[in-house]
Structure formats: C-alpha cells, structure tokens
Amino acid sequence: MAEQPAGARHGGPPEVGEPREPSCIEVIALEGIPEVNVGDDLPQLIIGALEATSGALPAREDDVLVVTQKVVSKAEGAIADLNAIEPRPEAVAFA
C-alpha cells in the first residue's frame with residue numbers, strides 16, 4: 001500500500017505536527033465590467049471581464065468568484081427608485 005503525503009488523509013486538515021501547504025489569498029478585480037443595466041447578460045459580462053483581466057485565467061478548481069447582490073439585482077431589474085418612496089414620519093424623525 002502506498003504511503004499518503006502529509007495532510008492527504010481523506011482530504012481533511014493535516015494532523016498536528018504534519019507539514020502544511022502555505023495558505024494565501026489573492027484578490028483580482030476584474031477589468032472592463034460596465035455599468036450593469038436591466039436585462040444585461042451578467043454571465044457574459046463576467047466572462048468577458050475574466051478574459052480581459054490579466055492573471056484571472058485559467059481558473060483553478062478552488063477559485064472563488066464573488067459577485068455582489070447589487071449587480072445581480074440591477075441585471076434582474078429588482079431595483080426601486082428611492083425618489084418615488086415617501087418615508088414615514090417616524091423614519092424622518094429617526095434620521
């Protein structure tokens with residue numbers, strides 16, 4: 001039976017005293033994403049930005065892509081015109 005490398009047992013964390021792989025995090029801001037409007041193809045905008053951003057591709061299996069809820073809401077049209085909303089007197093008093 002072949003010996004497993006340190007920390008490789010069942011994908012779990014290494015045992016106490018076993019060597020660990022260095023941990024790091026890298027954040028890459030994507031280039032070229034325009035102002036998002038209702039009906040925009042957000043996945044296509046993201047793919048284009050990934051292709052335009054140096055160092056973003058190729059993606060690795062453990063990469064994480066973060067997309068804000070605000071940009072998703074804008075693309076879906078889930079927005080409200082705050083100028084059309086009249087606050088209750090309690091909200092005005094609190095402000």
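Here is a short tour of this predicted model, stop by stop.

Residues are numbered from 1 along each chain as its sequence is written. Because the model is predicted, local features need pLDDT of at least 70 and side-chain atom pairs count only at pLDDT 80 or more, while totals for chains, interfaces and linings use all residues; side-chain values use heavy atoms, with hydrogens and water left out.

**Stop 1: the core.** Select Val 36, Leu 42, Ile 46, Val 71 and Ala 75, the five residues of the largest nonpolar core. Such a core is a set of buried Ala, Val, Leu, Ile, Met, Phe, Trp, Tyr and Cys residues joined through side-chain atoms within 4.5 Å. Buried means under 20% relative accessible area (1.4 Å probe, protein chains only). Now colour α1 (42–52) and α2 (69–76), the elements that each give two or more residues to this core. Helices here are DSSP runs of H or I, at least four residues, numbered from the N terminus.

**Stop 2: Ile 46.** Click on Ile 46 and look for Leu 30, Leu 65 and Val 67, which Ile 46 touches when residues up to four places away in sequence are not counted. A contact means heavy atoms within 4.5 Å.

**Stop 3: α2.** Which residues of α2 are buried? Select Val 71, Ser 73 and Ala 75 to see them. Show α1 as well, as α1 is part of what covers the buried residues of α2.

**Stop 4: just past α2.** Finish at Gly 77, which comes just after α2 and takes a positive phi of about 80 degrees.

Methods. Buried < 20%, exposed > 50% of the residue type's maximum accessible area, 1.4 Å probe, protein only.
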